Amino acid sequence: MQYYSLPENTVWTEVAPGNRRAVLSERPEMMLVAFSFEKDAIGALHSHPHTQVSYVAEGTFDVTVDGVTTRLGPGSSFIVAPNLVHGVVALTKGLLIDTFTPRRDDFLQK
């Protein structure tokens, strides 16, 4: 079942095999980004100085934040405090909608 739809002209950037992102909107103080995952794709463990709020729009993910792994499905959300190590594994094809504050300027570089 599809819960969320993005415009057909959405510009995607490949992040890793089976994982791509699209910046949906941004200002210096905040950014909204979609992450699309194929089944078994990995959002590698990483950290950054931004606060991140993620919404599971589609699919099922094992989400690890600060060493704790939780299985989340559609309608779930999680928050990552600045500098905490976090990542995801897509158990099914899925879509995460992430908000970052402040904006992830590294996502705007081409």
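How many bridges join strand β5 to β10, and in which sense do the two run? I looked this up before anything else. I count seven bridges from β5, which spans residues 51-58, and the two strands run antiparallel. The model I am reading is a predicted one.

**Entry: around β5**

Val53 has Thr99 of β10 as its bridge partner. Then I turned to β8. Four bridges join β5 to β8, again in the antiparallel sense. Here Ser54 stands opposite Phe78. I put β8 at residues 77-80 and β10 at residues 94-101.

**Entry: the six-stranded sheet**

I then traced the sheet that holds β5. Six strands line up in the order β1-β2-β3-β10-β5-β8, with antiparallel pairing, and the sheet is open. Its edge strands are β1, residues 13-16, and β8; each of them pairs on one side only. From one strand to the next the twist averages 25°.

Ala16 stands opposite Asn19 of β2.

**Entry: Gln52**

Is Gln52 buried or exposed? Gln52 lies in strand β5. I note it as buried, because its relative accessible area is 5% and the cut-off for buried is under 20%.

Next I listed what surrounds Gln52. Leaving aside neighbours within four places in sequence, Gln52 is in contact with Phe78, Ile79, Val80, His86, Asp98, Thr99 and Phe100. Two polar contacts of the Gln52 side chain went into my notes. One joins the side chain of Gln52 to that of His48 at 3.0 Å. Another joins the side chain of Gln52 to that of His86 at 3.1 Å. I also noted Pro82, 30 residues away along the chain: its C-alpha atom and that of Gln52 are separated by 7.6 Å.

**Entry: the four-stranded sheet**

I moved on to another open sheet. Four strands form it in the order β4-β9-β6-β7, and the pairing is antiparallel. The edge strands are β4, residues 42-46, and β7, residues 68-72; each pairs on one side only. The twist averages 20° from one strand to the next.

Which residue of β7 is the bridge partner of Val63? I found Thr70. Strand β6, residues 61-65, and β7 are joined by five bridges and run antiparallel.

I looked for positive phi values outside glycine. Asp66 has one, at about 55°. Asp66 sits in the loop between β6 and β7. Asp66 is exposed, because its relative accessible area is 52% and exposed means over 50%.

Asn83 is another such residue, with phi near 70°. I place Asn83 in the loop between β8 and β9, the latter spanning residues 86-90. Asn83 is exposed too, with a relative accessible area of 52%.

Where is the cis peptide bond that I noted? It joins Thr101 and Pro102, with omega at about -10°. Pro102 lies in the segment after β10.

**Entry: what I keep**

I keep β5 as my landmark. β5 has β10 and β8 beside it in the strand order of the six-stranded sheet. Gln52 marks a buried position in this strand. For the other sheet, I keep the order β4-β9-β6-β7.

Key: Residues are numbered from 1 along each chain as its sequence is written. This is a predicted model: local features need pLDDT of at least 70, side-chain atom pairs count only at pLDDT 80 or more; totals for chains, interfaces and linings use all residues. Side-chain values use heavy atoms; hydrogens and water are left out. Two strands pair if DSSP finds at least two bridges between them. Axes are lines fitted to C-alpha atoms, for helices over the stretch in contact, and angles run from 0 to 180 degrees between N-to-C directions. Buried means under 20% relative accessible area, exposed over 50%, partly exposed in between (1.4 Å probe, protein chains only). Contact means heavy atoms within 4.5 Å. A polar contact is a pair of N or O atoms within 3.5 Å; within protein, one must be able to donate a hydrogen and the other to accept it, and residues adjacent in sequence count only if both atoms are side-chain atoms.
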